Amino acid sequence: MKLTLYSDYSLRVLMYLARKEDRTQIDEIAKFYNISKNHLTKVVNNLATLGYIETTRGRGGGIKLKMAPEEINIGTLIRTTEEHFTLVECFDPETNTCPIAGVCGLQNVLGEALQAYLNVLDKYTLQDILHKRIAL
């Protein structure tokens, strides 16, 4: 299972903000991670819509966490930032053309593996992944 860059950037933004006390600018985060400001702007807008961060425009504005790090569940975040969890073609009944889908056991095995993956992520919060201090 590979996370999209969108999920990766979402996690990075939240981790960065969790270590800051003051409002932060998107430019600062983009520079720190060497990520496109345009990509981060989309991520930040989505995180604000989802209620993870708050944004303030204008002078003295910026972004900051809206929730405490221990309230941000990693599994829930990943479920909202990933576009889909279609590991193989047969996971999507609308586009499935596999001729052995009805008699193949792979879908069940991969479905179980995906659920185990998400169950592990559900055990952790943003606070849990902030172990080491880094210089910001």
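Q: Which residues do ring pairs link into a cluster?
A: Rings of Phe, Tyr and Trp (its six-membered ring) count as a pair if their centres lie within 6.5 Å; planes under 30 degrees apart are stacked, over 60 edge-to-face, and the rest tilted. In this predicted model, local features need pLDDT of at least 70 and side-chain atom pairs count only at pLDDT 80 or more, while totals for chains, interfaces and linings use all residues. Residues are numbered from 1 along each chain as its sequence is written, and side-chain values use heavy atoms, with hydrogens and water left out. The cluster linked by ring pairs consists of Tyr16, Phe32 and Tyr33.

Q: How many aromatic pairs are there, by the rule for ring centres?
A: A pair of aromatic rings is described by the distance of the centres and the angle of the planes. Under the rule for ring centres, the number of aromatic pairs is three.

Q: What is the angle between the planes of Tyr16 and Tyr33, and how many residues apart in sequence are the parts that the pair ties together?
A: Tyr16 and Tyr33 pair edge-to-face, with 6.1 Å centre to centre and 65° between the planes. Tyr16 belongs to helix 1 (residues 5–18) and Tyr33 to helix 2 (residues 26–33), so the pair ties together parts whose separation in sequence is 17 residues. Helices (H or I, at least four residues) and strands (E, at least two) are DSSP runs, numbered from the N terminus.

Q: What is the centre-to-centre distance of the pair formed by Phe32 and Tyr33?
A: Phe32 is partly exposed, at a relative accessible area of 33%, whereas Tyr16 is buried at 2%; buried means under 20% relative accessible area, exposed over 50%, and partly exposed in between (1.4 Å probe, protein chains only). Phe32 and Tyr33 form an edge-to-face pair with 80° between the planes, and their centre-to-centre distance is 5.0 Å.

Q: Within what arc do the buried residues of helix 2 fall?
A: The buried residues of helix 2 are Ile26, Ile29, Ala30 and Tyr33. Seen down the axis, they line one face of the helix, because they fall within an arc of 100°. The arc is that of the directions from the helix axis to the C-beta atoms.

Q: Which residue follows helix 2 with a positive phi?
A: The phi of this residue is near 60°. The residue that follows helix 2 is Asn34.

Q: Which element gives the most to the lining of the largest pocket?
A: The largest pocket holds about 290 Å³ of space. Of its 15 lining residues, the closest to the centre are Ile26, Thr55, Thr56, Arg57 and Ile63. Helix 2, helix 3, strand 1 (53–56) and strand 2 each give two or more residues to the lining. With four residues, the element that gives the most is helix 3.

Q: What defines such a pocket, and how is its volume taken?
A: On a 1 Å grid over the protein atoms alone, a pocket is an open set of points where a 1.4 Å probe fits, with protein on both sides within 12 Å along at least five of seven lines; lining residues have an atom within 4 Å of a point. Grid points are joined across faces, edges and corners, and the volume is the space filled by probe spheres set on the points.

Q: How far apart are the end C-alpha atoms of helix 1?
A: In helix 1, the buried residues are Ser7, Tyr9, Ser10, Leu11, Val13, Leu14, Tyr16 and Leu17. What covers them includes helix 2, helix 3, strand 1, strand 2 and helix 4. The expected span of a helix is 1.5 Å times one less than its number of residues. For the 14 residues of helix 1 this should be 20 Å, which agrees with the separation of its end C-alpha atoms, 20 Å.

Q: What arc do the buried residues of helix 5 cover?
A: Helix 5 (residues 106–122) has Leu114, Leu118 and Leu121 as its buried residues. They lie on the same side of helix 5, because the arc that they cover around the axis is only 55°.

Q: Which exposed residues does the face of helix 5 turned away from its buried side carry?
A: What covers the buried residues of helix 5 includes helix 4 (74–81). The face turned away from the buried side carries the exposed residues Asn108, Val109 and Glu112.

Key: Contact means heavy atoms within 4.5 Å.
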